[in-house]
Amino acid sequence: MENKLENKKRKSWKIIYRQLLVAAGASLFLTGCGAANIRQQSAVDTAMGTIVSQTLYVRQEGEQTESESAAVMRILTKLEEQELSWRIADSEVAQINALAACEPEESLVTVPISPSMREILAQIWQISSDSQGALDVTLGRLSRLWNLDGAAAEDTVFSIPGEEQIQSAMRDIGYERVQLTGETLELPQGVQLDLGAVGKGIACDRVSGYLRDSSRITGAVVAVGGSVVTYGQKPDGSPWKVAIMHPREEGNYLGVLTLKGEHYISTSGDYERYVTVDGVRYHHILDPATGAPARSGLCSVTIVCDSGLQADALSTACFVLGPEQGLALAQSYGAEALLVEEDGTMYMTEGMEDIFSENP
Ligand code: AMP
Ligand code: MG
């Protein structure tokens, strides 16, 4: 894959009117697909603080006590409640944070972790290191200080944090000061984890595990917010179409990815959760180096690769790094990337040029 920076192209925004992903209707419905008694299950629901859209192609055989789409929702809710959420007190992340927060006498806190959390954190730490800390899930204090997720959801009043507060929160950031040793995590007292940058990608990995284990599911596309997994194939053999949201025209699409088989797609954008104060956009992707929303010139980054966690982690890291370093990072992982600057300039890997179309 060649770095396409030298071929920087200025493109105007294009509007794509076609609705390409499952979007309407909150309930499950069934439609026949003709081929070998395969039926389509479509469902739209919420989990992990976002919208989950599913289209599953299911072979009608055997007795089922639970629909496949309901099983997917159960997996996502369990992942959030038992493992990833820092807001739900019983989750593993919340328990790690509680231990790290409330042992003021200790400078280093040792916390037991599950094998699955160890595996997740090991992968994240590698991407943090490869991105020179652009991705750093130890920024929990900083993300809570800005609280852009809450402010964008209009459940709190937003005020720009003061410089002193930012500096104080930044003292507790630092993946490189956290040790993963066997069954424990050693972290400086005060460090707080926020796995928001990777949670929806991990969710896609869990969903694909379920899809693979199911003998009835022949194809699926599942979107957990900005992270999507495609799996198997459609009964008519046509490719999956995954639309990428337009970063500046609400309700419109920037373009469409055409994919066959299993892929993981994640988009990070400054239009997802943000507030505007005096004409300045404060969005939810933070630069751990400055302690403020990332100002890399990018407004949207889409990654396509063969792991949900990786796609999600890379989309956030590349957003923070900006076009040049972002492209290089994605390429070092063999991932396809589409990076969009605020003026509409797009940068993409060579493989992305083959799968992305502005005009489907
Ligand atoms: P995403 O939408 O996947 O790019 O993730 C954004 C979310 O990840 C935010 O809502 C924060 O919770 C968290 N976050 C923001 N900036 C970073 C960063 N630089 N590194 C790790 N997590 C981040
Ligand atoms: Mg992400």
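Modeller: What follows describes the metal site, then the ligand shell.

This is a predicted model, in which local features need pLDDT of at least 70 and side-chain atom pairs count only at pLDDT 80 or more, while totals for chains, interfaces and linings use all residues. Residues are numbered from 1 along each chain as its sequence is written, chains are lettered from A and ligands numbered from 1 in the order in which they are written, and side-chain values use heavy atoms, with hydrogens and water left out.

Which residues coordinate the magnesium ion (ligand 2)? The donors are Ala197 (O), Asp312 (O), Asp312 (OD) and Thr316 (OG1), at 2.1 to 2.4 Å. A donor is an N, O or S atom within 2.8 Å of the metal (3.2 Å for Na, K and Ca); water is not among the atoms, so sites may look incomplete. Along the sequence, the donor residues follow the spacing A-x114-D-x3-T.

Asp312 and Thr316 both belong to helix 8 (residues 308-321), and because they are four residues apart there, about one helical turn separates them. Helices (H or I, at least four residues) are DSSP runs numbered from the N terminus. Asp312 is buried, at 7% relative accessible area, and Thr316 is buried too, at 12%. Buried means under 20% relative accessible area, exposed over 50%, and partly exposed in between (1.4 Å probe, protein chains only).

Now to ligand 1. Around ligand 1 there are 16 residues, of which Ala134, Asp194, Ser268, Leu286 and Thr316 come nearest; a residue is near if one of its heavy atoms lies within 4 Å. Helix 8 gives the largest share of this shell, three residues. By class, the shell has eight nonpolar, four polar and four charged residues. Here Ala, Val, Leu, Ile, Met, Phe, Trp, Tyr, Cys and Pro count as nonpolar, Asp, Glu, Lys and Arg as charged, and the others, Gly among them, as polar.

A polar backbone atom of Ala197 is 3.1 Å from an oxygen atom of ligand 1, and a polar side-chain atom of Asp312 lies 3.0 Å from an oxygen atom of ligand 1. At Ala134, a polar backbone atom is 2.8 Å from a nitrogen atom of ligand 1. Taken alone, ligand 1 exposes 500 Å², and the protein buries 94% of that; the areas come from the Shrake-Rupley method with a 1.4 Å probe.

Methods
Helix = DSSP H or I, 4+ residues; strand = E, 2+ residues; numbered from the N terminus. Polar contact = N/O pair within 3.5 Å; in protein donor to acceptor, adjacent residues only side chain to side chain.
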